Protein chains: 2
Amino acid sequence: MTAADLTAALAATHDVWMRTADRLGPVLAEHRLTTATFQALWAIDPAEPPPSMKVMTERLHCNAPNLTFVTGQLLDRGLVERSVDPADRRSRVLSLTAKGRRVRDEVVRAALENTPLARLDESELRQLTALLGRVLQPEG
Amino acid sequence: MTAADLTAALAATHDVWMRTADRLGPVLAEHRLTTATFQALWAIDPAEPPPSMKVMTERLHCNAPNLTFVTGQLLDRGLVERSVDPADRRSRVLSLTAKGRRVRDEVVRAALENTPLARLDESELRQLTALLGRVLQPEG
DNA sequence: CAGAACACTTCGAGACTCGAAGCAAAGGTA
DNA sequence: TACCTTTGCTTCGAGTCTCGAAGTGTTCTG
């Protein structure tokens, strides 16, 4: 029965994230962040070009009004800046402030320290990412 | 660098769940369910003894007031019943109604059909559950 | 038999989510 | 050029979710 295997896999996947988020609570509270704002902050990699709102909605699987709200929280806390994209003046791009980079580093590190995935050794981690990489591949 | 591997694994894990939840939206809407109520419904396996509120808060990683609220939603929709545990009259146990079992079957099936994990074959699924099983093991 | 511990509920405030409607910029057509 | 459509984003309002503090009733402990 594959359905049972699939159920178990999905439940386990879900649980890993829920446990990570759960243990992250206190650290997020220190920075006046919530799960929603943490996810948004995480989705802005300072090593990559600043994403537009449009790109962020795709990364976070949320809709535009929702992202505008969450972005507002990050703006209020001085963690991100919103600026017009000169190439397309309809579009706004989000970039981290200095404080934003600092806070992001801290909470992401905390996430990695607290996630139960940290129990896996390097080869197991690669095995896992290989499997999930296949899963998340664009339309195959 | 293990941190990069860990980051990738956590991100992938998170993304699998978010995509699943995202694609599930329309099906949940049909039954007037939300992500929160779906998770609660999912956490009540009709094949197992009815869980208490206490057990449910642990399964869902939420607190008591939150669960009381979500349980209220399921009660309103006639999907679960709440009864006093005769063994400990402080405790309330949750069991599915006939309608609850029907709806749970349907939305769980929809989740399995929509999750990107369904791309994996049986042996890959087992490999994944083995890894995540190790991850979720109680205090090792 | 107190008094502490426990399971749960209520209340109120804050945070999140989304559809509908609106705005300005960009693209298409003639 | 003028006009219409599409796109990216914001605003608004209603509904949902989340949680700390406080309260009720039950069980446990000394």
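## Reading the DNA surface and the chain contacts

Modeller: Start at the DNA: α4(A) gives the most to the surface near DNA strand C, with five residues. Helices here are DSSP runs (H or I, at least four residues), strands are E runs of at least two, and both are numbered from the N terminus. This is a predicted model, where local features need pLDDT of at least 70, side-chain atom pairs count only at pLDDT 80 or more, and totals for chains, interfaces and linings use all residues. Residues are numbered from 1 along each chain as its sequence is written, with chains lettered from A and ligands numbered from 1 in the order in which they are written.

Colleague: How many residues surround DNA strand C?

Modeller: "Near" means a C-beta atom, placed from the backbone, within 6 Å of the strand. There are 23 such residues, and A:Thr34, A:Pro65, A:Arg89, B:Met53 and B:Lys54 are the closest.

Colleague: Why does A:Pro46 count as exposed?

Modeller: We count other C-beta atoms within 10 Å: 20 or more is buried, 12 or fewer exposed, in between partly exposed. A:Pro46 has 11 C-beta neighbours inside 10 Å, so it counts as exposed. You'll find A:Pro46 in the loop between α2 and α3 (53–60) of chain A.

Colleague: Which residues is A:Pro46 in contact with, leaving aside neighbours within four places in sequence?

Modeller: Contact means C-beta atoms, placed from the backbone, within 7 Å. For A:Pro46, those partners are A:Leu96 and A:Arg101.

Colleague: And how many residues of chain B are in contact with chain A?

Modeller: 40 residues of chain B touch 40 of chain A. α1(B) supplies the largest share of chain B's side, 18 residues.

How values were computed
Two residues are in contact if their C-beta atoms, placed from the backbone, lie within 7 Å.
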